[in-house]
Amino acid sequence: MDDIRQLLLAAFDAEHREHLAAIRAALAEAEAGRPADWNDVFRRAHSLKGAARAVDLPAVEEVAHRLEALFDRVVQGRTGLDRRTAGVVDLALDRIEGLVAGLAGTPEPAAPADAIAALDACLSGAPIPEAKPDAKPDSEPEIGPESGPGPAAERLPDPAPPTHQDHAVAYLRIASDQVESLSKAVHDLTAVLQGQEAIGGAVAGLESGARSLRRSVDTVQGRTGEMVALARRLREAGDPAGIALDGFVDRVRRLDGDLRSVIRGISGLARVQSRSTGAVDTALRRLRDDADRLLLVPAETVFGGYGRMVREIAREAGLAVEVRLHGLDLQVDRGLLQALKDPVLHALRNTISHGAESPEARREAGKPEALSVTLSVASKGSQLVVTVRDDGRGPDLARILETGRRQGLVPPGPDPGRDEVLDLVFAPGFSTATAVDRIAGRGMGLSVVAEAARTLRGRASLRPAEPHGTEVTITVPLSAARQPVLLVEAALRPGEAPQTFGLPSGAIAGLLRLTERDLASVAGEPAARIKQGGRDVVVPLVPLASLLGSGVAPLPLRDGLVRAVLLRCGPSLCAVAVDRLLDVRVLLVGPAPPFGGDSALMSGTVMLADETPALVLDPEGLCVRARTGGLVAAPVAAPERRATRVPTVLVVDDSITTRTLEKSILEAHGYRVFVCVDGQDALDRLRRDGADVDLVVADVEMPRLDGFGLLQAVKADPGLTRLPVILMTSRGDPADIRRGLDLGADAYITKQKFDQRELLDTIGQLL
């Protein structure tokens, strides 16, 4: 049960973040005067409540229940969502985030009294009490050599351990170079143990040779009857050769017995060696992954609490702020993240101290009342890019230049260029603040950012953001990171075996399967007609083989389709044709090789499951190369490759927790599993890749298109009507069951009595 609970808590950790981010995005839309989907917000509060109940977190369930009631009133039009009410929602979301973040230390937290009181006041129409800043130290850390004792000098605490652990975890302080040495030793051990494959091959060859020898002995053995008869006739004739022939026959029989024993021994050795190699390989993979995890952690572990911290600082200052965090699932070297912890904190605090404007000033500038602050973490090639952006007042070039001259940072003479002026803010002691307070005025913040970037052999920059505000970017070398990578296959030359390449999934706008009708020609160059943003567009289409320097290549065809990856490069799109689209995997991406190949097209390397390396390609470099034209010849068919097919199940559920549980159960029993977040997402995938799916397991209550609607659409589609569909839902009312079966469901399973054996048995019967 502990394993299941940890699995569910890990899924809930991801699910609650998704719901909180969507609710905050809707609040931001409403604040900006744009329409928000309050039905979706209400559904997310409902799902959050149900997920909290599933993992036994009553404190989160209480807050989510009140949020659900509040959003229900908004949907019904009985309650408006003014700035004060939106602030209460923000407070409630922050408290939920804090409760989940602290589960490792407090597995049974109490409900947050301030959020509960504020929500109850909103629901009853009573005056909303003032929200007090979180009393935890991370609400207002002050970092820097000038910090004195007291609350302002408290540092942001180290991130809590992963929230899905139930029991207390002991920590040891270990030097990072020792962990790096351990990781290197494990990877060296991997290379050494690959020699086991040679031993296995030698044992297999020995077994094969012994069996061949046995067949030769069997041939001789088959003639022993004739030799025995001949020996008897020779003895009767008085010829001594008869006795010699009897001795030879005895030796052949003994050789046959001895050879059987040898073959049994070799076969047993081969089995033991095979089992041993498999066990060593499994243990080594687990050891290697564990060693890598010591060095690599999600950026969430260090930066995850910063959004809550910025909102707490803003509450204390009486400011409205919307905080967005992007890319925190990227896994990065732990030491690198720790080195960036303080610089990022200073950059975020800078958005409040220098970017915040009065509500009147923001309204006059056509901005929402709340300051928007965004923290983004991304990998670009071999670089880690951390960006802190706000839509505040933006940098005051004249004031920065004036301060620089006053401090002697700008020599007499003509004014420097814009970028040179902006770089002045990173000088030690530089500050344009008129007074020193708890978050500004000492001139330490951005100098800490610049110094940390230089120490890490990187750089920091501050530039105006478009259309408003300021953007601080920290770019440092990325030694290694785990990131989602799309694996594809492409044969670089006709007749050659295809090679595997990786593409960072963050740059992929879509996967294409193009028929002849989808192909076009623009200025004599092949292009693809696709739908993008609800309209038809034409994008360049180039084979990956051509881009990697093998000359003009044809578009690869399989089953009458051209398979391509749609890459997004800034505002433009480009389609790169490949032989096969394999899979998206989260892999350890190391630096690109220092030699061999075009560095403009390579961003890193990954190690595949069979321990062979594969290049990770740079999407921007591919797009630049694709624009040169003249890289495509007439299409030719690529040879088909047969593979053993594993039954594929499509799991459709809007709850991450439920999707994770069902996916893990099915994959553990040998099924290939796709997942979709709602009925419309599933229907789109089935119409695109229906031939790859053998069975659908779907929830009923989902946004956009529910399970009944999905079932009805599947059974009405001639290409999908024979596809088995299982409805698995919490709706166990007899009328719902009857409706599902009447619409054509092959089975109806209720979650209240969920038994994984029932699900597996049902799938087994249908397949």
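The following legends accompany an overview and close-up views of a predicted protein model.

**Figure 1. Overall composition of the predicted model.** The protein has 767 residues, of which 44% are buried. Its secondary structure comprises 23 helices and 25 strands. Of the contacts with a separation of 6 or more, 66% join residues 24 or more positions apart. The accessible surface amounts to about 38000 Å², and carbon and sulfur atoms contribute 54% of this area.

**Figure 2. The largest nonpolar core, with 50 residues.** Within this core, the residues with the most contacts are F303, L340, V344 and L384. Helix 12, which covers residues 334-355, gives the most to the core, supplying eight residues.

**Figure 3. Surroundings of L340 in the largest nonpolar core.** When neighbours within four places in sequence are left aside, L340 is in contact with F303, L384, V386, L456, I474 and V476. Among these partners, F303 and L384 are also listed with L340 as residues with the most contacts inside the core.

**Figure 4. Helix 4, residues 83-101.** At 1.5 Å a residue, helix 4 should span 27 Å. Its end C-alpha atoms are 27 Å apart, and the two values therefore agree. In an α-helix, residues three or four places apart point the same way, because each turn has 3.6 residues.

How values were computed. Residues are numbered from 1 along each chain as its sequence is written. This is a predicted model: local features need pLDDT of at least 70, side-chain atom pairs count only at pLDDT 80 or more; totals for chains, interfaces and linings use all residues. Side-chain values use heavy atoms; hydrogens and water are left out. A nonpolar core is a set of buried Ala, Val, Leu, Ile, Met, Phe, Trp, Tyr and Cys residues joined through side-chain atoms within 4.5 Å. Buried means under 20% relative accessible area, exposed over 50%, partly exposed in between (1.4 Å probe, protein chains only). Helices (H or I, at least four residues) and strands (E, at least two) are DSSP runs, numbered from the N terminus. Contact means heavy atoms within 4.5 Å. The expected span of a helix is 1.5 Å times one less than its number of residues. Accessible areas come from the Shrake-Rupley method with a 1.4 Å probe; for residues, only the protein chains shown count as cover.
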